[in-house]
Amino acid sequence: MKAIRIFGRNIRDAFKSVFRNFSLSFASISCITITLLVVAIAVILSYNVNNFTKLVEQDVTIVTFMDKDTTKEKAEEYVEKVKHLDGVETVEYQSKVQIAEEMMESSDVYNNIMNEWKVDGKWVEKEIPLQPTLLVKATSLKKIDGVAKEIQNLDPDKTTIKLVKYGEDMVKQLISLFDIVRKISVGVVVALIVVTAFLISNTIKITIFSRKKEIEIMRLVGASNINIKIPFIFEGLFLGVLGSIIPIIATTYGLSLIHISEPTRPISIS
């Protein structure tokens, strides 16, 4: 019971001390709030940059153009082969009719031209000069080059697979750029955390130094080091909690406001 009473008294004294030294407490809370806000903003921006780069990596698509006379059965055979390649995440087959319908929806000009490929409102596949395609997604951006080469090696004579495109130069630039962005964002967050710890530490030291006389009086009346330290620890805890409320709210709502969501259509670089 004695320990509980001492514990409660220390909490009460710490709480009173916060209001008794209101100006200094307010300065400490402001310093904690500002520094934590800066870290929160950096973390949110870093998170969204990393999220964006991951989404781009996931949605870069390898477009495999097949011979225009490729049958559906032959195309499905290649779909199964591509699925089993190392580094392949998904494979989607698009027939000539599907490609034509998508193009018609995207432009009135295409709609006018491609209507000539229909008879009585039905598609005549032999009249469609387009090439069926396989849309392949790799498990990571770094594997996309190897996957593209493996797909081409499935048909070295190019009798069925005519062309494999994924924007080689752009993908290499993206890999290099994303690596740099990740390193910079991590470095900035770590640096801000170190600076924040330094500022908060100095704020605590200034607070203790400004109450040097109070500590000396406590020593003169016989207070032990533990009895002197515990109220300061609880006071620092109160100040830290009060100073972190705004950064926590800002971080929570900031993530929801500027969160980069997954695009509804895949990004195809060809």
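**Figure 1. Ala40 and its contacts across the chain.** Ala40 touches Pro247 and Thr251, leaving out residues up to four places away in sequence; a contact here means heavy atoms within 4.5 Å. Ala40 belongs to helix α2, which covers residues 22-59. Helices (H or I, at least four residues) and strands (E, at least two) are DSSP runs, numbered from the N terminus. With a relative accessible area of 8%, Ala40 is buried. The scale used throughout calls a residue buried under 20% relative accessible area, exposed over 50% and partly exposed in between, with a 1.4 Å probe and protein chains only. The C-alpha atoms of Ala40 and Leu192 are 9.7 Å apart in space, although 152 residues separate the two in sequence. Please keep in mind that this is a predicted model, in which local features need pLDDT of at least 70 and side-chain atom pairs count only at pLDDT 80 or more, while totals for chains, interfaces and linings use all residues. Residues are numbered from 1 along each chain as its sequence is written, and side-chain values use heavy atoms, with hydrogens and water left out.

**Figure 2. The whole protein, for orientation.** Nine helices and seven strands make up the secondary structure of the protein. Of its 270 residues, 34% are buried. Among contacts between residues at least 6 apart in sequence, 81% join residues at least 24 apart. The accessible surface comes to about 17,100 Å², and carbon and sulfur atoms account for 63% of that surface. These areas come from the Shrake-Rupley method with a 1.4 Å probe, and for residues only the protein chains shown count as cover.

**Figure 3. Helix α3 and the elements that cover it.** Helix α3 runs over residues 72-83, and its 12 residues reach 16 Å from the first C-alpha to the last, close to the 16 Å expected at 1.5 Å a residue. That expected span is 1.5 Å times one less than the number of residues in the helix. The buried residues of α3 are Ala75, Tyr78, Val79 and Val82. Seen down the axis of α3, these buried residues fall within an arc of 110°, so they line one face of the helix. The arc is taken from the directions from the helix axis to the C-beta atoms. Their cover includes β1 (60-66), β2 (88-94), β5 (133-138), α6 and β6 (161-165).

**Figure 4. A charge over the ring of Tyr78.** Lys81 lies over the face of Tyr78, at 4.9 Å from the ring centre. For this, NZ of Lys or CZ of Arg must be within 6 Å of the ring centre and within 35 degrees of the ring normal.

**Figure 5. Helix α6 seen through its two sides.** Helix α6 takes in residues 144-153, Gln152 among them. Its buried residues are Ile144, Val147, Ala148, Ile151 and Gln152. They cover an arc of only 135° around the axis, which puts them on the same side of α6. On the other side of α6, Lys149 and Asn153 are exposed. Gln152 is buried at a relative accessible area of 18%. Beyond four places in sequence, Gln152 touches Lys158, Ile161, Leu163 and Val164.

Figure 6. Lys158 is partly exposed, with a relative accessible area of 42%, whereas Thr160 is buried at 8%. Most residues other than glycine have a negative phi. Lys158 has a positive phi of about 60° although it is not a glycine.

Figure 7. Ile128 is found in the loop between β4 (122-123) and β5, while Leu141 sits in the loop between β5 and α6. Ile128 counts as buried at 1% relative accessibility, and Leu141 is buried at 2%. Apart from its neighbours within four places in sequence, Ile128 is in contact with Lys96, Val97, Trp117 and Trp123. The C-alpha atoms of Ile128 and Trp117 are 6.1 Å apart, with the two residues 11 apart in sequence. For Leu141 and Val60, 81 residues apart along the chain, the C-alpha separation is 7.5 Å.
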